[in-house]
Amino acid sequence: MIRSVSLFLLAVVFAVGVRAEAAEARRTLQYAPAPVDNPLKGLVPYQGDKRDHFPHSLEFSYLPYSALVKGYDEFDWSPLEKMLDEIAGRGHQAVFRVFLEYPKKRGVIPEFLIRDGLKIHQYVNTNTQPLPPAEVETPDYEDKNLRRSLKNFIAALGKKYDGDPRIGFITAGLLGTWGEWHTHPRNELFASKAVQQEVMDAYEAAFKVTPVLLRYPAGDNNQSKAKNAHRRFGYHDDSFAWATLETGKKSDSWFYMSLLRAAGPEAEAKWKTQPIGGEIRPEAWGAVFDEQPADKRIQNFRQCVEATHVTWLMDSGMFAKGQKPERIERAQQEVRRMGYEFHAPAVTIGPVADGKLKVSLEVENRGVAPFYYDWKPEYGLLAGSRAVKTFAGSGRITGLLPGDRPRIWTDTLDVRGVKPGAYTLAVRVPNPLPTGKPLGFANAAYDAATGWLALGEVQIR
């Protein structure tokens, strides 16, 4: 009995000793806001380099269907290639949409479809605020040849571009005015649920990596939209901070959060696995970041971000010239809250033994949404700011939700062959786009110029 008690006490002392040793090696890391232009999040200008106006990592552009589709199985990718290369050349990734109808634009529908009998509805669209009404050409979405063309195009687009690092997100487009999946006020001209289902089926089959976003959440009881809550799509709210939050008014039942709730629990949880994007409503551009917006119809930006878990938003307000410094400062504070924000609160670095270095990095998400791409971390031994040797990390950043306990990345690094000396152990998450910025940590020790987060000093003997 005495021997058993002695062994138990010895085990307790040993366990305490192990914990103390680990605690001594554990180092806390200081928080600091992550870069405003972290990749794949934040405000998005129309195609062009607007970094001198506001930080950004994404650019948006539209493309007419006729620019890419020349026949049922004939495609010209050069306009899309030109757009993607220009955006990537600035170190940014693209968000794009292909449309079949756009007020005031002609020649959007391919001629071969018209020759084959596609009916076109021409009328003045009055739903163009803040721009004046303009003529639009709406195709007959039930046309069998158009439906064949759409399915073939989506399949070819996915085969060529799914997983392309130049692309951040695709909005499904194709159907409705501006590709926004409505023809309001001529609602009778919009695509039937059968056509919508065909388009969604084609996108799901064609895209396994690059996220595709739909305009409207829809559940079983939506009268005009085919159910999509169960599908592998994100959403984009294109009247953000104007028609986002629920008001309780029946006339506002089309507002994003009202539609999301009506679509059911699967739609409400969508942000956990699929990205939410959109566009700040033009009437709210810029002004949404004022302390007290003059237009009372503008909804509170922070409340909208927290309710929707939005990752990116198109905006032309903050990319216009002449913004007041205080508006820019508030915008940067609020935009940082969008999407993910990864902070490393602590790291445990073991001693080098037999040419191996063990490191355990704690990572938490302080944002409002996860990161949706499986980017891989890597460690580096730095001499000054230069990496002497890099090591692939096994940690994952996908699926780490806000409020989750810190995820621990544990790796054993093979440092054999490294010249003896003192080094800084650091970590980074490279961008698969060669010209793109790495994912930036919300840590004081993060160096935005190099993409490395310094973790601690290591002595190689």
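Predicted model: local features only at pLDDT ≥ 70, side-chain atom pairs only at ≥ 80, totals over all residues.
**Notebook: cores and sheets**

Setting aside its neighbours within four places in sequence, I found Phe153 in contact with Tyr65, Leu68, Val69, Phe75, Trp77, Val98 and Leu174.

Next I looked up the core around that residue. Phe153 belongs to the largest nonpolar core, which has 85 residues. Together with Leu43 and Leu80, Phe153 touches the most other members. I then checked which element gives the most to this core: helix H5 (residues 144-161), with seven residues. Another core, of 46 residues, lies apart from it, and I noted Phe169, Trp178, Leu213 and Trp312 among its members. A general reminder to myself: in soluble globular proteins, nonpolar side chains tend to be buried together.

Then I moved on to strand E11 (residues 234-240). Is E11 mostly covered or uncovered? Mostly covered, I found, as seven of its seven residues are buried. Strand E10 (residues 212-214) runs parallel to E11, joined by two bridges, and Leu214 has Tyr235 of E11 as its bridge partner. E11 also pairs in the parallel sense with strand E12 (residues 276-280), over four bridges. There, His236 stands opposite Gly277 in E12.

Last, I followed an open sheet of five strands, in the order E17-E16-E19-E21-E20, with antiparallel pairing. Strands E17 (386-392) and E20 (446-447) stand at the edges with a single partner strand each, so one side of each is left without a neighbour in the sheet. Further in, I looked at strand E16 (residues 378-383) and strand E19 (residues 421-428), which run antiparallel and are joined by five bridges. Gly380 has Ala426 in E19 as its bridge partner.

Notes
Residues numbered from 1 in each chain as written. Heavy atoms only, no water. Core = buried A, V, L, I, M, F, W, Y, C linked by side-chain atoms within 4.5 Å. Buried < 20%, exposed > 50% of the residue type's maximum accessible area, 1.4 Å probe, protein only. Contact = heavy atoms within 4.5 Å. Pairing = 2+ DSSP bridges.
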